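Subject: Structure handover and findings

Hello,

Here is the structure you will be taking over. Please open it first; my notes follow below.

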Amino acid sequence: MPATLAELPVGSSAIVQAMPTGRSCLTRLREMGIVPGTRVSVTRRAPLGEPIEICVRGSHLSMRNHEAAFIAISAA
Amino acid sequence: MNENWQSIAAIAVIIVTVALFIVRAVKRRKKPGCGGSCGCGK
Amino acid sequence: MSAAAAETPLIAIVGNPNSGKTTLFNLLTGLKQKVANYPGVTVEKKIGECYSQHGKKLRLIDLPGAYSLNARSPDEAVLRDVLLGRRPETPRPDRVVCVVDSANFERNLYMVSQVLELGLPTILVLNMVDVAEQREWRIDAAKLTEILGVPVVKTNAVSGQGLIELKLALSREDISPPKWQDAALPEGVKAALEHSRDEMRQAGAIHTRSSLLEPLYLLSDHDPTHYGIADTQIGRIHELRSRMENDFPGWEDALVAERYRRIEELCAQVLKRPDQEIETITTKLDRILLHPVLGFVNLLLVLGLLFFLIFKVAEGPMGWIEAGFGQLGAWVEGLISPGDFRDLIVNGVVPGVSGVVIFLPQILILFFFIGIMEDTGYMSRLAFIMDWAMSKVGLNGKSFLPFLSSYACAIPGVMAARTIDSPKDRLITILIAPLASCSARLPVYSLLIGVLFPVGEVGAFVQAGIMLGLYSLGTFGAFFFAWVFNKFVMKGSASPMILEMPSYKMPALKSILLQVWQRARMFLVRAGTIILGISILIWAASTYPKTAGDDSAKQMEHSFAGRAGKLIEPVIAPLGYDWKIGIGLIGSFAAREVFNSTMSVVYAVESEDDENLAPLRDKLAAERRPDGRLVYTPLVCISLLVFYVFAMQCVSTIAIVKRETGSWKWAMFQLGYMTGTAYLLSLLIFQIGSALGY
């Protein structure tokens, strides 16, 4: 099982386990619906590996590996 | 006579232009961060 | 403000980006709107008028799109400040219309819940119901009204569905404050906020009547621009913030999680959606448009179409504008007898204004194209595909289109940078945009390449190759400086690239045309005021003081412009230029292509039409210095070409950069770094070339 969202393969989903607190770049991701306990899935990766497109709460977002690597996940 | 009229008109236009540019610059400097019709003085 | 206006209720339209909020605003107000900037920031302020279904006059304000009241950008700060009634020039809205993208209902509820807490009478608009239906998302509006205590209207802003119901809701005067009012604050945090509020009240930083939300947003926002809060208080707010962080680590994040917990509860009651995401037009289209190979092919097609439109299709209208101004000049020429005044109009005002207005067709096409791409949702896909490449120089995918637009003209490019939400990326994009070789450089490139390689000597291929080289040089320079600014000038925290991928939808053409019209009007107003003034001054500089004779070349030498050329000669001599080129350089500061017409005057070349460069080119190629050496040696031509690639020589761009960045500081910085680079590179080329014996 991959440890962070950045490693989650395309097409699979997982549950957000933990995110470091107090980082303002992650606060925005939280506000977009990625909070611990939420189900996320990876829809696709851009051709050159970044960014990734994810689906959370039925909304599609994309972010870079740098941010995704902060988001610890566990099996859905 | 006719050419004279034109010279004066041209110079007048230039003076007005310069004056307007100066007025604009001074006006901007006087009230920082506040547009013309806003009510910040009240 | 008149008394009547004060009585008309002010209704704020708020919502997430891509919720169709502005389309709805345009649909309601039509042409009855005023666009200005909020003082101090470059955020558009749109106020319009409309009538409710019962004929009552209403004022609507379209606030910037935001994901949260916890501001992360100047746009979001404006939304928060207006809703909290903190902006002195904008009264606090009486009512709020909260627009929700139904197909992203759950995520949109985040800001909805924040807005509801403000306690203002609110109408909830579930927009884009058609897209939600495609996804088989069903929202129970009646239940939502029951739970939240606010009127709920379903609309489709593109087709106009639900507009009457919305206008009916706008007529209602009896909208009670929403039921969802308490921010879900843990006791300890609540007590700490109460304490902070008391302290800030005593210090006079906030209203005596302000609710707990005021300190909440003051303490949790990382945006430094708190409008209406004195600078002296900001330090204290920072202290309070670190104390909160100390006493309740991660309190902000806990609040977000708590809010979403309540949203999940609400969604369980009102939202029915399939367990598995079903196939929609969006998923099908994305499989093609974001395909590793087809995605790129499509991107190239789209950009190819854009370039075809702005270079080929725009050619016709640009020709008409040019011809129109030419006729105007000829008409004036016939109307007034020869003299200074006629000369001012015919050789100063008309060509000066026409030289800028001629770009109007390109600007219209560009903004229409951008509008379509944003409205359909393709813009996010473009940013998604381009992000990797742009990230290598520290920018993000959204910088791509503004930069690309700058190859037509930097003015719309700089204006298009408004779509970038990260302030740092936006500033860097604005700073590098004019390095893209705009169409005004093209005539200068053509002229000098012609001098460098006279026709017949080398094939058109070599000429085209040099042209391509100049474009590449500018592009490379832009990426290099983006990297430098990102690395050394604006260190700051790298803002994360978080991009929403909205569902595809049909573009709302009327709304897009309205926005194109607003941009065009702004551009024309500038051409009619500032550009007009500058044209007059430049004419004056090359006309006075006057000489006795009729020789235009002598007159030019004697004029202020000629004297300025001689004055700067010692500075530009190391680059290989004489004072006559100096005059051309000075003239270019109005617009680069002016170089050609200035040189025609300087060398007294009589040319029937501007398109034909041959007489001027031959004259330049034959021009000699007093000691008999050629002026335009290949080395001088290359030095001059490189100067034109890098130098910032466009007053209109400087003015627009000042406007878009909100200060002269960045406009002057840009002027300095670009012209400095141009000077340095041309100096190196000429000096090294000369030393090598070229």
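Helices here are DSSP runs of H or I with at least four residues, and strands are runs of E with at least two, both numbered from the N terminus. Please keep in mind that this is a predicted model.

Chain A

Along the sequence, the elements of chain A come in the order β-α-β-β-β-α-β. That gives two helices and five strands. Chain A has a radius of gyration of 11 Å, which agrees with the value near 11 Å for a compact globule of 76 residues. Taken along the principal axes, the C-alpha atoms of chain A fill a box of roughly 30 × 25 × 20 Å. Of the 76 residues in chain A, 45% count as buried. Among contacts in chain A with a separation of 6 or more, 57% are between residues 24 or more positions apart.

Chain B

Chain B has one helix and zero strands. Of its 42 residues, 5% count as buried. Chain B does not touch chain A, and the nearest C-alpha atoms of the two are 29 Å apart.

Chain C

Chain C has 31 helices and 10 strands. For its 694 residues, a compact globule would have a radius of gyration near 26 Å; the value for chain C is 29 Å, which agrees. The C-alpha trace of chain C spans about 90 × 60 × 55 Å along its principal axes. In chain C, 47% of the 694 residues count as buried. Residues 24 or more positions apart make up 71% of the contacts in chain C that have a separation of 6 or more.

Where chains A and C meet

Two pairs of chains are in contact, and chains A and C share the most contacts of the two. Chain A brings 30 residues to this contact and chain C brings 33 residues. On the side of chain A that touches chain C, helix 1 (24-31), strand 3 (52-56) and strand 4 (59-63) each supply at least two residues. Helix 1 of chain A gives the most to that side, with seven residues. By class, the side of chain A that touches chain C holds 12 nonpolar, nine polar and nine charged residues.

Helices 16 and 17 of chain C

How do two packed helices get described? The angle between their axes and the distance between the axes are used. In chain C, the axes of helix 16 (residues 360-376) and helix 17 (residues 378-391) come within 5 Å and cross at roughly 90°. That makes helix 16 of chain C roughly perpendicular to helix 17 of chain C. The residues that meet are C:M373, C:E374 and C:T376 from helix 16 of chain C, and C:Y378, C:M379 and C:L382 from helix 17 of chain C. By class, this contact of helix 16 with helix 17 of chain C has four nonpolar, one polar and one charged residues.

Helix 12 of chain C

Which residues of helix 12 (residues 281-289) of chain C are buried? They are C:T282, C:D286 and C:L289. Seen down the axis of helix 12 of chain C, these buried residues fall within an arc of 70°, so they line one face of the helix. An α-helix has 3.6 residues a turn, so residues three or four places apart point the same way. On the face of helix 12 of chain C turned away from the buried side are the exposed residues C:K284 and C:I288. The cover over the buried residues of helix 12 of chain C includes helix 13 (294-313) and helix 17 of chain C.

Helix 20 of chain C

Helix 20 (residues 423-432) of chain C is mostly covered, with nine of its 10 residues buried. Among the buried residues are C:P423, C:D425, C:R426 and C:L427. The buried residues of helix 20 of chain C pack against helix 3 (74-83), helix 18 (400-405), helix 19 (410-416), helix 22 (460-489), helix 30 (651-661) and helix 31 (664-691) of chain C.

One residue to look at

C:R521 lies in helix 23 (residues 509-543) of chain C. Is C:R521 buried or exposed? C:R521 counts as exposed, because it has 11 C-beta neighbours inside 10 Å, and the cut-off for exposed is 12 or fewer. The C-alpha atoms of C:R521 and C:L360 are separated by 10.0 Å, while the two residues are 161 residues apart along the chain.

Regards

How values were computed:
Residues numbered from 1 in each chain as written. Chains lettered and ligands numbered in written order. Predicted model: local features only at pLDDT ≥ 70, side-chain atom pairs only at ≥ 80, totals over all residues. Contact = placed C-beta atoms within 7 Å. Axes fitted to C-alpha atoms, helices over the stretch in contact; angles between N-to-C directions. Parallel < 35°, antiparallel > 145°, perpendicular 65-115°, else oblique. Nonpolar A, V, L, I, M, F, W, Y, C, P; charged D, E, K, R; others polar. Buried ≥ 20, exposed ≤ 12 C-beta atoms within 10 Å, placed from the backbone. Arc of directions from axis to C-beta. Rg over C-alpha atoms; globule rule 2.2 N^0.38 Å.
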